[in-house]
Amino acid sequence: MNKLQDVALLRCLAVISLVAWHSYCSYICWNIADTPMSIWYTRLFKILTPDANMPLFTFISGYLFCYLLIFKDKYLSFHELLTNKVNRLLIPFLILGALTNLTEYGKNISDIFYGKPSHLWYCLMLFYCFIACWLIEKKLGKRWNIATMCVSTLVVIGYKGNGLGPNTPLGLFMPVYYYCYFYAGFLVFFHKDIILKNVKKYFPLIVLAFACSLMSGRLILFSSLLYILIVWRLIYARILPPPF
C-alpha cells in the first residue's frame with residue numbers, strides 16, 4: 001500500500017469538512033444570521049470539525065514532513081527547506097494576502113504585519129512550524145522538539161480564544177498555538193505502527209474520551225487530537241488488511 005494513502009484520505013476529509021464548516025459559519029460563530037437550527041448546527045460541527053479542523057490540517061502537515069524529512073531524506077540542508085517554504089508559503093502569503101486585504105471590504109493592509117490577511121494566516125503559521133521543526137530536530141534533537149510541543153500544549157490549554165489569538169508582531173502567536181498539532185503529526189508518522197496498534201486496542205475508550213471532551217471548550221486540544229486519532233483509525237480500517 002502507498003505509505004501516504006491514509007493521509008490522502010485525511011486531506012479529503014479535512015477539505016470537505018472545512019468547506020462545510022465555512023458554509024454554516026454565519027449560523028455557528030459569525031453572528032450574522034440566525035435560524036432555529038443554529039444550536040444544532042453548532043453542536044454538529046463541534047463534533048465533526050473541532051476547532052474548524054485546523055488542528056487536522058496542521059497534523060497532516062507535520063505527518064507529511066516526518067515522511068519527507070526522516071524517511072525520504074528530503075531537506076538535508078536548511079537552504080533547501082527555506083527556499084521551498086519561502087516559494088510555497090511565504091511568497092503566496094505576502095502577495096495574495098496583500099491583494100486580499102486591498103480588495104476585501106473592511107480589511108486593513110496592516111493585518112499582514114500581524115500575520116492575519118484574511119484566510120492566508122495559515123500559510124505563515126505553517127511556514128514558522130516547518131522552519132522551527134527542522135531547526136530544533138536537526139540542531140537540538142527530538143527531546144527539545146517534544147519540549148516545544150509541550151509548551152504549545154500548555155498555551156492551547158490555557159488560552160481561551162481561538163488559534164488566531166491576539167495581534168502579535170509577525171503573527172508569532174499562531175505557530176506557538178498550533179505547533180503541538182504539527183509535531184503530534186510528526187511523531188505519529190514516526191511511531192505509526194505502535195500508535196495504530198494501541199489506537200485499535202483502546203478505540204472504544206478513545207471514542208468515549210472524545211465524547212467527554214466535547215463538554216468543555218477548554219478541552220479543545222484533547223477533542224481535536226482524539227478526533228484525529230478516531231478518523232485516522234477509521235480510514236486505516238478501510239484501506240489496510242489485518243492485523244491493523
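Modeller: Let's begin with handedness: a crossing is left-handed if the near helix is turned anticlockwise from the far one by less than a right angle, and right-handed if clockwise. In this predicted model, local features need pLDDT of at least 70 and side-chain atom pairs 80 or more, while totals for chains, interfaces and linings use all residues. Numbering starts from 1 along each chain as its sequence is written, and side-chain values use heavy atoms, without hydrogens or water.

Colleague: Which way does α7 pass α8, left-handed or right-handed?

Modeller: α7 passes α8 in a left-handed crossing. Helices are DSSP runs (H or I, at least four residues), numbered from the N terminus. The axes of α7 (residues 142-158) and α8 (residues 173-190) come within 8 Å and cross at roughly 130°. Axes are lines fitted to C-alpha atoms over the stretch in contact, with angles from 0 to 180 degrees between N-to-C directions. That makes α7 oblique to α8; under 35 degrees is roughly parallel, over 145 roughly antiparallel, 65 to 115 roughly perpendicular, and the rest oblique.

Colleague: Which residues of α7 and α8 meet?

Modeller: Contact means heavy atoms within 4.5 Å. Among them, Met 149 and Val 156 in α7 meet α8 residues including Tyr 183 and Phe 186.

Colleague: At what angle do α9 and α10 pack?

Modeller: α9 (residues 192-201) and α10 (residues 203-213) pack at about 75°, with axes 4 Å apart, and are therefore roughly perpendicular. Val 199, Lys 200 and Lys 201 of α9 contact Phe 203, Pro 204 and Ile 206 of α10.

Colleague: What does Phe 65 touch?

Modeller: Beyond four places away in sequence, Phe 65 touches residues including Trp 134, Phe 182 and Phe 186.

Terms used:
Helices (H or I, at least four residues) and strands (E, at least two) are DSSP runs, numbered from the N terminus.
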